[in-house]
There are 2 protein chains.
Amino acid sequence: MTETFKDVFKEKEISPSYTRKRIYEYLEQSKNHPTVDKIFKSLIDELPTLSKTTVYNVLKLFIEKGIVKMVNIKSSEMRYELNEYDHSHFKCTTCGTIYDIPKIIPQYNKDDISGFIVNEEEVNLMGVCPSCQHNLVIETKKEKKNGRNKTIF
Amino acid sequence: MTETFKDVFKEKEISPSYTRKRIYEYLEQSKNHPTVDKIFKSLIDELPTLSKTTVYNVLKLFIEKGIVKMVNIKSSEMRYELNEYDHSHFKCTTCGTIYDIPKIIPQYNKDDISGFIVNEEEVNLMGVCPSCQHNLVIETKKEKKNGRNKTIF
DNA sequence: GTCCTTGCAAAGCGTTTGCACAGAA
DNA sequence: TTCTGTGCAAACGCTTTGCAAGGAC
């Protein structure tokens with residue numbers, strides 16, 4: 001379960017360069033579906049010569065080897081996560097954060113898509129996360145105090 | 001049910017320019033979730049002065065008025081569709097075509113996402129469409145004929 | 001030596017912005 | 001006249017490509 005990067009890299013035949021190790025470990029700790037830019041900015045202090053090209057190269061390799069997955073929910077920029085366990089996603093439409101939630105298995109009538117071969121199923125929920133609800137309540141209170149009036153939704 | 005663009009535009013207070021009419025009608029006929037480029041290329045013969053900016057402008061207006069929705073399944077480019085009836089999507093990973101399929105309503109335990117407000121649910125299926133399965137079979141037959149051997153998947 | 005990893009610089013591509021012209025009201 | 005729709009040109013942001021330098025083996 002708690003595999004180190006060494007085990008994973010060995011199993012997938014990825015030569016363990018320091019840059020690859022750090023990008024892998026960053027994905028492992030920060031469970032926030034980072035963008036390339038986020039990964040780059042988070043590691044540039046530690047790896048001063050790092051370039052975005054390298055981040056792209058390493059992620060591409062990880063995806064080919066099956067240890068990383070792209071995440072793309074209603075957005076133009078790609079996000080990345082370790083391909084560890086199956087789960088679904090909740091995207092907060094206020095702050096843009098993507099949360100992992102327990103896997104939702106869609107139920108549907110096979111006859112509706114007869115002739116189609118299904119290899120992958122994806123369920124995404126969109127809405128407002130607890131943190132943003134909290135901020136909205138504070139905003140609303142402020143506005144009431146200022147004489148305005150506004151419901152949360 | 002079969003509303004004309006006139007009814008829709010009147011209801012949504014969209015002034016019915018010819019360009020808007022044609023973009024709306026294109027979305028209405030071609031149920032293929034077109035990209036901006038697809039729309040542009042499809043209408044440029046008929047509207048020789050059309051620009052992509054205008055396509056973007058019109059789609060942005062339609063989205064604000066709620067008559068068009070963006071579709072974005074595992075891709076960097078946006079696709080568009082009329083916001084007519086609720087449905088789910090199947091994306092063919094071979095040819096990239098997105099098919100409308102009957103709405104799949106995800107079933108999940110509310111306790112799993114307690115504290116989160118869900119405003120939208122999305123189910124996407126990915127796989128191989130009938131047309132691409134057909135082509136793969138033909139390809140495989142050709143390859144067998146040529147002495148090679150390759151399974152479909 | 002060869003192979004692989006890295007990274008600069010440039011290009012590519014979809015999208016947005018600034019602005020100006022023309023036609024409608 | 002003012003407002004609105006359109007569209008050129010440029011900018012922008014994310015991603016990919018070409019290629020070369022440096023290090024590993």
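Which residues in helix 2 of chain B meet helix 4 of chain B? In this predicted model, helix 2 contributes B:Thr19, B:Arg20, B:Ile23, B:Tyr24 and B:Leu27. Their partners in helix 4 of chain B are B:Thr54, B:Val55, B:Val58, B:Leu59, B:Leu61 and B:Phe62. The contact comprises 8 nonpolar, 2 polar and 1 charged residues. Helix 2 spans residues 18-29 of chain B, and helix 4 spans residues 52-65. Their axes come within 10 Å and cross at roughly 75°. Angles of 65 to 115 degrees count as roughly perpendicular, so helix 2 and helix 4 of chain B are roughly perpendicular to each other.

DNA strand C is surrounded by 15 residues. The closest are A:Ser15, A:Ser17, A:Arg20, A:Thr49 and B:Tyr56. Of the atoms of DNA strand C that come within 4 Å of the protein, 74% belong to sugar and phosphate. The residues of the surface near DNA strand C divide into 9 polar, 4 nonpolar and 2 charged.

Individual side chains approach both phosphate and base. An N or O atom in the side chain of B:Tyr56 lies 2.7 Å from a phosphate oxygen of DNA strand C. A polar side-chain atom of A:Thr53 lies 3.3 Å from a base nitrogen of DNA strand C. Helix 4 of chain A gives the most, with 4 residues.

Note on methods
Residues numbered from 1 in each chain as written. Chains lettered and ligands numbered in written order. Predicted model: local features only at pLDDT ≥ 70, side-chain atom pairs only at ≥ 80, totals over all residues. Heavy atoms only, no water. Axes fitted to C-alpha atoms, helices over the stretch in contact; angles between N-to-C directions. Helix = DSSP H or I, 4+ residues; strand = E, 2+ residues; numbered from the N terminus. Parallel < 35°, antiparallel > 145°, perpendicular 65-115°, else oblique. Contact = heavy atoms within 4.5 Å. Nonpolar A, V, L, I, M, F, W, Y, C, P; charged D, E, K, R; others polar. Near = heavy atom within 4 Å. Polar contact = N/O pair within 3.5 Å; in protein donor to acceptor, adjacent residues only side chain to side chain.
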